[in-house]
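Colleague: I have a few questions about this model. Can you put it up so that we can go through it?

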Amino acid sequence: MTAPDPRSAALETEVQQLLGDAVANGITPSAVCSVVLHGQPLHTISAGPATAGTYFDLASVTKVFTAVTALSLVDSGALALDEPISTWLPSFRSGHGNGGKSTVTLRHLLTHTSGLPAVWPGWRSALATGTAFNRQDLLADLLSMELTAVPGSHFDYSCVGFNTVMALAEHVTGRPWAGLVREQVLEKLCNGGCPSGLVELTGRPDPELCAPTEFQPEYGRGLIQGLVHDESAWSLGGLSGNAGLFGTAPSLAAFGEDLLAGLPGILSPTMAAEMWQDQLPLVLGGNAESGGPGYGHGLGLRIGQESWMGAHPGARGHNGFTGTSLLVDREAGIAAALLTNRVHPSRTLSNVTALRHAVADVVYAAA
């Protein structure tokens with residue numbers, strides 16, 4: 001029998017301490033962390049009432065899956081990275097000035113350089129009427145939003161852009177978004193060979209297996225559990241381009257392992273390489289320094305965002321508003337999922353950036 005790696009044992013002890021302290025100090029009610037080092041899964045660590053089998057609202061970590069879904073459609077020839085999306089989506093109407101929406105491409109959308117605004121207020125207007133959300137009308141409103149910058153001139157993190165990716169994919173394929181994500185990505189993870197129950201990623205979890213998020217009586221939602229927390233995704237029916245995927249920590253770490261391997265069976269090597277590399281020098285050109293975010297960005301992946309990844313320039317991944325994050329690094333052999341529900345019962349109570357940073361540092365030290 002192989003003796004346990006002392007570095008792994010130390011990592012588990014340190015992460016357990018970090019998660020326990022975060023719960024004890026009121027940073028989050030629950031926290032779960034799954035780490036894979038050099039292909040070897042470690043014991044899943046948890047604090048609070050959550051366990052390895054608890055589903056968390058992944059929030060904007062969903063955007064990575066959105067990018068993979070869109071890139072799989074590029075691989076199939078249904079879409080192209082650098083053609084104006086209005087080629088396929090006529091309802092993406094031209095804006096007034098600002099370079100024009102007619103020049104926005106899928107590459108722009110996936111790198112947050114389209115010039116679209118960060119958020120879409122349309123769900124608030126619909127809610128104010130007191131009537132049921134009409135997804136078709138809401139999407140039409142979202143697609144009519146004006147640009148706030150010339151496409152390719154500035155990085156502005158945009159949930160609007162990723163919901164536009166969803167609308168584009170639905171229009172081109174004639175398929176509902178949730179089905180596309182499932183068929184193009186989720187069912188193909190681990191190249192179709194994941195152990196039963198490992199890939200627990202879904203837009204429709206069992207609420208009883210989910211960590212609760214926010215209490216929102218002001219929107220008539222009450223305690224949110226098993227339904228997407230993000231209001232725009234909620235108004236659009238659940239799993240959307242910007243948010244809405246749920247998963248367990250082991251399942252997200254397993255996805256991270258596939259990401260490290262280039263998503264075999266899902267993306268071509270060429271498209272996987274495009275996703276991984278920093279796109280901002282190409283897209284922003286001379287504006288990369290003045291108009292960039294201060295870190296790199298691939299197609300759906302943040303690169304070297306030190307505030308939560310630590311000082312590790314090879315790190316890639318994404319975080320989510322509810323308190324979730326996925327961190328991967330090929331050279332270091334790391335795939336780490338840290339899931340919390342720090343917005344329960346209110347989004348105003350805590351910030352998990354320091355916890356993410358501390359966990360990342362411990363994982364890198366072990367790797």
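This is a predicted model: local features need pLDDT of at least 70, side-chain atom pairs count only at pLDDT 80 or more; totals for chains, interfaces and linings use all residues.

Colleague: What about charges, how many positive and negative side chains?
Modeller: There are 18 positive side chains and 31 negative ones. The centres of the two sets are 6 Å apart.

Colleague: And what share of the residues is buried?
Modeller: Buried residues account for 55% of the 367 in the chain.

Colleague: How many helices and strands?
Modeller: The chain has 13 helices and 13 strands. Its radius of gyration is 20 Å, close to the 21 Å from the globule rule for 367 residues, so the chain is as compact as a globular protein of that length. The C-alpha trace spans about 65 × 45 × 40 Å along the principal axes.

Colleague: Of the contacts between residues at least 6 apart in sequence, what share joins residues at least 24 apart?
Modeller: That share is 68%.

Colleague: Let's go to single residues. Where does Leu19 lie, and is it buried or exposed?
Modeller: Leu19 lies in helix 1, residues 6–24. Leu19 counts as buried because its relative accessibility is 0%, where the cut-off is under 20%.

Colleague: What is Leu19 in contact with, past its sequence neighbours?
Modeller: Leaving out residues within four places in sequence, Leu19 contacts Ala31, Val32, Cys33, Ile45, Ser46, Ala47, Leu338 and Leu355. Val104 is 85 residues from Leu19 in sequence, and their C-alpha atoms are 42 Å apart.

Colleague: Next, Thr62. Where is that?
Modeller: Thr62 is in helix 2, which covers residues 62–75. Thr62 is buried, at 2% relative accessible area.

Colleague: Which residues does Thr62 contact, leaving aside neighbours within four places?
Modeller: Thr62 contacts Leu239, Ser240, Asn242, Ala243, Gly244 and Leu245. With Leu245, a polar atom of the Thr62 side chain lies 3.1 Å from the backbone nitrogen.

Colleague: And how far is Thr62 from Gly320?
Modeller: Their C-alpha atoms are separated by 8.2 Å, although the two are 258 residues apart along the chain.

Colleague: Now backbone geometry. What is phi of Ala59?
Modeller: Phi of Ala59 is near 50 degrees, a positive value in a residue that is not glycine. Most residues other than glycine have a negative phi. Ala59 sits in the loop between strand 4 (56–57) and helix 2. Ala59 is buried, with a relative accessible area of 6%.

Colleague: What about phi of His112?
Modeller: His112 has a positive phi too, near 60 degrees. The residue is in the loop between helix 3 (106–110) and helix 4 (122–128). With a relative accessible area of 2%, His112 is buried.

Colleague: Which peptide bond is cis?
Modeller: The bond from His344 to Pro345 is cis, with omega near 0 degrees. Most peptide bonds are trans. Pro345 lies in the loop between strand 13 (334–340) and helix 13 (353–366).

Colleague: Back to side chains. Where is Gln216, and what does it touch?
Modeller: Gln216 belongs to strand 6, residues 215–216. Gln216 has 1% relative accessibility and counts as buried.

Colleague: And Gln279, buried or exposed?
Modeller: Gln279 counts as buried, at 0% relative accessibility. Gln279 is in the loop between helix 10 (269–276) and helix 11 (280–284). Beyond four places in sequence, Gln279 touches Arg107, Thr111, Glu274, His297, Gly298 and Leu299.

Colleague: Last one, Arg175. How does its accessibility count?
Modeller: Arg175 counts as partly exposed, because its 30% relative accessibility falls between the 20% and 50% cut-offs. Arg175 is in the loop between helix 6 (159–173) and helix 7 (177–184).

Colleague: What does Arg175 touch beyond four places in sequence?
Modeller: Arg175 touches Glu170, Leu180 and Glu183. A polar contact of 2.2 Å joins the side chains of Arg175 and Glu183. From Arg175 to Pro217, 42 residues apart along the chain, the C-alpha separation is 33 Å.

Definitions and conventions
Residues are numbered from 1 along each chain as its sequence is written. Side-chain values use heavy atoms; hydrogens and water are left out. Helices (H or I, at least four residues) and strands (E, at least two) are DSSP runs, numbered from the N terminus. The radius of gyration is taken over C-alpha atoms; the globule rule is 2.2 Å times the number of residues to the power 0.38. Buried means under 20% relative accessible area, exposed over 50%, partly exposed in between (1.4 Å probe, protein chains only). Contact means heavy atoms within 4.5 Å. Lys and Arg count as positive and Asp and Glu as negative; His and the chain ends are not counted. The place of a charge is taken as NZ of Lys, CZ of Arg, CG of Asp or CD of Glu. A polar contact is a pair of N or O atoms within 3.5 Å; within protein, one must be able to donate a hydrogen and the other to accept it, and residues adjacent in sequence count only if both atoms are side-chain atoms.
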